[in-house]
Amino acid sequence: MRILAVDYGDARTGIAVSDNSEMLASPVCTITEYHADRLAQKIADIAKEQNAGEIIVGLPLNMDGSRGGRAQKCEEFAAMIGKLVDVEVKMWDERSTTVTAHRFLNETNVRGKKRKAVVDTVAATIILESYLSYRSKHKD
């Protein structure tokens with residue numbers, strides 16, 4: 001099954017997708033959109049194009065595991081997507097993924113405008129890799 005991952009942001013949102021074997025997570029795009037309803041529709045369209053059987057939305061928990069305002073906003077956004085698709089939409093802990101994405105981009109010497117354009121997609125890919133790793137270790 002192909003799984004779509006979303007790193008939701010107020011301005012830029014990263015999208016990644018797995019292969020059918022759930023082994024590889026690949027970046028898809030970064031969407032620049034300030035209106036949540038239009039963004040949710042764009043993600044629903046991408047999920048359909050990618051034939052996704054599940055959608056994962058990053059859940060930015062605080063380091064102590066508690067939920068803050070940003071986590072609630074992501075949960076509300078995931079619910080918006082859920083109303084537009086016929087597949088399950090799940091939340092996935094994304095603590096430190098943006099930090100990890102920036103570290104990766106530092107190591108690969110990606111700077112400036114290019115960095116801004118890809119950091120969210122890299123974060124979505126990291127979220128998806130984490131989820132795929134969990135799924136492979138916890139098969140039914």
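**Strand pairing and helix packing**

I looked up G58 and found it opposite W92 in β5. Strands here are DSSP runs of E, at least two residues, and helices are runs of H or I, at least four, both numbered from the N terminus. β4 and β5 (residues 88-93) run parallel, joined by 6 bridges. From β4 the chain crosses through α2 to β5, a right-handed β-α-β crossover. Right-handed means that, with the strands pointing away from the viewer, the path from the first strand over the helix to the second runs clockwise.

I noted the terms of the model. It is predicted, so local features need pLDDT of at least 70 and side-chain atom pairs count only at pLDDT 80 or more, while totals for chains, interfaces and linings use all residues. Residues are numbered from 1 along each chain as its sequence is written, and side-chain values use heavy atoms, with hydrogens and water left out.

Next I traced the sheet. It is open, has 5 strands in the order β3-β2-β1-β4-β5, and its pairing is mixed. Two strands pair if DSSP finds at least two bridges between them. β3 and β5 are the edges, each with a single partner strand, so one side of each has no neighbour in the sheet. The twist averages 25° from one strand to the next. β2 and β3 pair antiparallel over 7 bridges. There, G14 stands opposite T30 in β3.

Then I turned to α1. It packs on the sheet, touching β1, β2, β3 and β4, and its direction makes about 150° with that of β3. Contact means heavy atoms within 4.5 Å. Axes are lines fitted to C-alpha atoms, for helices over the stretch in contact, and angles run from 0 to 180 degrees between N-to-C directions. α2 lies across β1, β4 and β5, at about 165° to β4.

Which residues of α1 are buried? I listed L39, A40, I43, A44, I46 and A47. They share one side of α1, because their arc around the axis is only 160°, taken from the directions from the helix axis to the C-beta atoms. D37, K48 and E49, on the other side, are exposed. Buried means under 20% relative accessible area, exposed over 50%, partly exposed in between (1.4 Å probe, protein chains only).

Last, I checked phi. Most residues other than glycine have a negative phi. N51, in the loop between α1 and β4, has a positive phi of about 60°. N51 is exposed, at 60% relative accessible area. E22 also has a positive phi, near 60°. E22 sits in the loop between β2 and β3 and counts as buried at 17%.
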